[in-house]
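Let's take a walk through this structure together, one piece at a time. Have the sequence and the model open beside you as you read.

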Amino acid sequence: MSKKPALLPKDEAAAEGKVNVQINGKWYRFPKGTRIADACNSVGVHVPCFCYHPKLSVAGSCRMCLVEQGMPPRLAPGATPTYNEDGYQTIQWMPRAIIACANTVAENMGIRTDGKLCTEARRGVLEFLLTNHPLDCPICDQAGECKLQEYTSDYGSGTHRFTESKTKKGKNLSLGPRVNMDQERCVLCRRCIRFMKEIVGEEVLGVVGRGTHNAVTCYPGTQLDSNYSMNVVDLCPVGALTSKDFRFKMRVWFLKSTPTIDVNCGTGTNINIWTREQQVYRITPRQNDEVNSCWMPDSHRLNYKYINAPERILTPLVKTDAKAPQRPSTWDATLNLVVEQLHKCAPVEVAIIASARMTNEELYMARALARQLGVTKFDIVPRKGENDGMLISEDRNPNSTGAKLILNKTGAGLTNIRRGVKNGSIRSLIVLGEDVTEEAGIPAEDLAELDYLLVMAHSESATTKAADVVLPGVTFAEKYGTMINVAGRIQRLNKAIEPLGEARSEWSIMRELTELLGCDCPRVIACPSPMMILEEMALEFEPMKGLSWGNIGNEGKVILDTGVTIPLIEREKAKK
Amino acid sequence: MSDITYKPGKEPHPRETRRIFRNIDREGYDPSIKCYIKDGGYKTLKKVLAMEPAAVIDEVKKSGLRGRGGAGFPTGVKWTFIPKGNTKPVYLVCNCDESEPGTFKDRFIVHQDPHQLIEGMIIACYAVQAHYAVIYMREEFPEGARIMQTALDEAKAKGYLGENIMKSGFDLKIVLHRGAGAYICGEETGLINSIEGARPYPRIKPPFFPAAIGLYGCPTIVNNVESLCQVRQVMMMGGEAYAAEGAQRSPGTRIIGVSGDVKRPGYYEIISGSITYGELLYDLCGGPRVGRKFKAIIPGGASAKVMRCDEVLKGRNPDGSVRNMTIFDVPLDLDSIAQHGSMSGSGGVIVMDDTRSMPKMLNNLNRFFAWESCGQCSPCREGNPWMLKLSTRICNGQGSPEDVDLLKDVADNICGRTVCAFGEACSWPTQAFTTKFRDEFLALTKPINALKPHSPEAAEARKFLTRED
Amino acid sequence: MSENTNAIDAVTAVRPSPGEKYFPKFEVTPELVEKAKELVALYPEGKEQSAILPIIHHIQEEFGYVCPDAMPWIAEMCKSTPVHVAGIVTFYPGIHRTCPGKYHIRICRTIACAMAGSEELLPYICSKIGVDPASMTDEEPMAVSPDGLWSIEAVECLANCGFGPNVMINDTLYSQVTRRKVDELIAEYKKK
């Protein structure tokens, strides 16, 4: 006889608020209320879905996620359940498949995805979806990341039996300034419609027609022009919605994706940068439920063109004489020249304008440089905009929180510097990663009056044009580092491409400059990488205690309580 | 009741029991409230309003009344599905979207005896404590809508609707909502979406069981017109008396609509299970047209699986032994025909005689289903037009024998994988037609053009091409 | 959808119809607004969208069809969006997007009526009212006669299956219609 366990698995699970579920023969435990699709995917049993998206309401209409399901047999009145030696009841399998997206797990439930019922359902649904599909993968942008293509290769049959004429719908339609539509490729999952209605709150997309003529569209004369419109391109499981920016630019399988963060505002949206060789092709949001959920604004997504733009400064530039033009130079010669020139400046007549667009590591090195020079007129440029009530923070600097922590600067001293430049009490200016003629409000005429202007920047600007020396830095795509977002979360930037041309990452430029200026502090000059600087900072700053590159992880870590929240994330949490 | 006379030519057959259709085609009867009250109308309501709502539900449960919309779910049990401790408003929706081909019964209630439905609705609303009800009427009944609206206004004027109905303290508002020609609105959740002003896509169950999350997210009871009229009948007769009559598992009367190749097509109200399909077709409907033989019967609306008239069915005798029988021996109740793989559904019987080409019949149904598919879920949206294209091709003599198998296979791939029962239903005709009349389909796939025109083989192959052939 | 119309614009593209001369042009009048408000009030508060179909029915009765101008107006009255209203208008075959004739004929083509001969009756009626049956397609099920007096549409089940073929002219149902009855009916309506 089998020995009965003292406590049945169901009771053990119930104590944890969980239920036991058998998936393809193995028992697992999931919290009550977990959707079957999520449960299966979490244990590596793949359930294909088109319409289901965890962040949107359940539509249940694609029928791709059909799985075979079973429950213990219903007991006759008065009967008691029997348990096998593992403590489970036998599962009675249902004759029809159920959708894994709308149904939740239950105690002693059985799920099978490897049986005949499920395999045939998947094959059948895929065959239907392909009947009116144009099968134009060779010219489709989605190829390579198309769910229809992937599932067909995984679960479909190699041949097709549909030989009739297909339903004709609209092709190459402009839904909005950034999104294109091909109605024939659409599987009518309605993810885009639900996203616009539920997340953005604008019902601009809808289905028109009936039956086989159903098509997603916007109303004539209106457009899908929200600043979040391109998220529907990511959501679209097939090639129906494509990005006008990325269309026909590159096959996705040639692209490398690098997880990093967006630097256009204080939210620090998690993103992937898609690159090939030294070229950035697109940016897509990366899921982080504490920062940006699965979304990002179009304005941020498309702000990457400057990375490969002709305005990039690819070598150090030096003016030999105030009137002479800037000429390219080598790093060694330039840095030595800069050291020589800086030694000539009286520290009280020097000001440094750094940037809250710099990483923590760069800010740390900027502080070291300032200390080495003995400069006290030192601040960052604040940058404010409107909070859009979604993901865009009013703080348009990505690392104001870091600047506050490391430099204890918020931009309050900027007015004094501006005044100093104007009245001539500041004779030399070091600008790190800013165009001071813009937000900092120092006009180019005033810059021209300076004795000495040293600028570190990745692209040409009015400030670099006025500079005596320009040290070419890199964009966010070319460097490692950390930033702290408005909500106090420290997050990592990863290098997606190598620095272009002769450009160097700013932390290393400043480290070398500081060393050449005579610094012998090992905590500065012995740092070979941003990761090491982070460890140095972890020793110095209380909130960073114990941090290392590795333990920040891809999703970041909250290290400060700023009291600032991200509206979209708050709404999402409230919905749960 | 003997004083009732019917219009000439419209007299009920002696084997009929006219209850719901008592006033249909009745001489001197009109849809006015005056006529209805004179005939004893709204008396049952008065009785019901004196009862506890729970007692009304009990009475309906006791009666064993099953819904007449097609699925045959016990009405009283449905009413108890409203979650306990519910604090939201409860809604009642009358499904008057009669659109199942072959079904034509609600039309006559609406046009000729609207107050019967209104009284039934008030009773049902009182039982489930709904204070807002909607009659969802199909757009194809424009005159019915006018008659019903007049009836509603009359009932309100007489104090049967509105506030404090017959001084019972019970309030009720009934709104008439018209559809716009979509079969899918007969599906209860599609209907609810249609009332909400959304595209009438059926909702997924779970979680959207109407009794829990229905109209405007509140508990909602959706009942068919005939069911609601039967509710009045139950309360008039008493649950036990109602249950005692007719088939044990589906008591009461049923309205059967017969269409197609019989001498006297039309509607017949009979005691459930009191006659067989044979008696219905031969006695009540007068048998096949002159010189013809019955070939096939669709026993419960277009989506029910077709039955061959020469099919040998296994029937069980009272002593447990098995006997051979045909569809003509099957009693007309809700369940008997289901044992033989079809369904009695909403009571629409479509009869086909030996002149009919079955592929053509199927093609007509496939066009109906392809046209009416809402397009929400993939199998139904893509499968129905495919079936239509296949059956059209076969009917045009351009199909191959493999296409017949493919047609069946496409139907199998839809069945059991859709959001709503419509998706299921659209695959049943194809499954049944292609299985039961496979020879006719195959005959059409023969390269008949190559045959000698007057050979017996060609004549045989052409037999089912068109009716005239 | 014609070759040169963009599929998005096709949602509100109107086919000119000779029937238009029998109906007033859509116009938002105070009476119309009043009627719409009345219909909205039938439904619980905050459920204005429920009135979309009733308002559409009213517009069809008054103006014959739902013209593109009406959709944004309906959306406004029902606190909805034009694309939502377009989704509804394009879903239901009972909602016309082209102006029908003065007398709109619906003939049932579903199984029982087809068995009773409606498929043969359809071309006959077409020939009587001067319409080409081939112009009735899935996308454009309705055909209007050149004089605008008639329009015809083959519809699915009219729920009178026992008495086919069934034909509706405007709001009235005629059952067991024969060719002779068609002749009579057409003559009768022409006289009106």
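Two residues are in contact here if their C-beta atoms, placed from the backbone, lie within 7 Å. Helices (H or I, at least four residues) and strands (E, at least two) are DSSP runs, numbered from the N terminus. This is a predicted model, in which local features need pLDDT of at least 70 and side-chain atom pairs count only at pLDDT 80 or more, while totals for chains, interfaces and linings use all residues. Residues are numbered from 1 along each chain as its sequence is written, and chains are lettered from A and ligands numbered from 1 in the order in which they are written.

Let's begin with helices in chain C. M71(C), P72(C), I74(C) and A75(C) in α3(C) meet P82(C), H84(C), V85(C), A86(C) and V89(C) in α4(C). By class, this contact has eight nonpolar residues, one polar and no charged; Ala, Val, Leu, Ile, Met, Phe, Trp, Tyr, Cys and Pro count as nonpolar, Asp, Glu, Lys and Arg as charged, and the others, Gly among them, as polar. Two packed helices are described by the angle between their axes and the distance between the axes. Axes are lines fitted to C-alpha atoms, for helices over the stretch in contact, and angles run from 0 to 180 degrees between N-to-C directions. For α3 (residues 70-77) and α4 (residues 82-89) of chain C, the axes come within 8 Å and cross at roughly 115°. The helices α3(C) and α4(C) are therefore roughly perpendicular to each other (angles under 35 degrees count as roughly parallel, over 145 as roughly antiparallel, 65 to 115 as roughly perpendicular and the rest as oblique).

On its other contact, α3(C) packs with α2 (residues 52-63) of chain C at an angle of about 140°, the axes being 10 Å apart. That makes α2(C) and α3(C) oblique to each other. From α2(C) come I52(C), I55(C), I56(C) and I59(C), and from α3(C) come A70(C), I74(C) and M77(C). This contact has seven nonpolar residues, with no polar and no charged ones.

What does chain C touch in chain B? Between them, 41 residues of chain B are in contact with 35 residues of chain C. On the chain B side, at least two residues each come from α7 (142-157), β3 (173-178), β5 (253-260), β6 (266-271), β11 (348-353) and α12 (358-372). The helix α12(B) gives the most, with six residues. That side divides into 19 nonpolar, 12 polar and 10 charged residues. As for chain B itself, its secondary structure comes to 17 helices and 11 strands, and its C-alpha trace spans about 80 × 50 × 45 Å along its principal axes.

Chain A touches chain C too: 18 residues of chain A are in contact with 14 residues of chain C. The strands β9 (205-208) and β10 (215-218) of chain A each supply at least two residues, and β9(A) gives the largest share, four residues.

Finally, chain A is divided into domain 1 (9-114), domain 2 (124-308) and domain 3 (317-561), with bounds from an automatic or database domain assignment. The C-alpha centres of domain 2 and domain 3 of chain A lie 38 Å apart. Their contact takes 25 residues from domain 2 of chain A and 28 residues from domain 3 of chain A.
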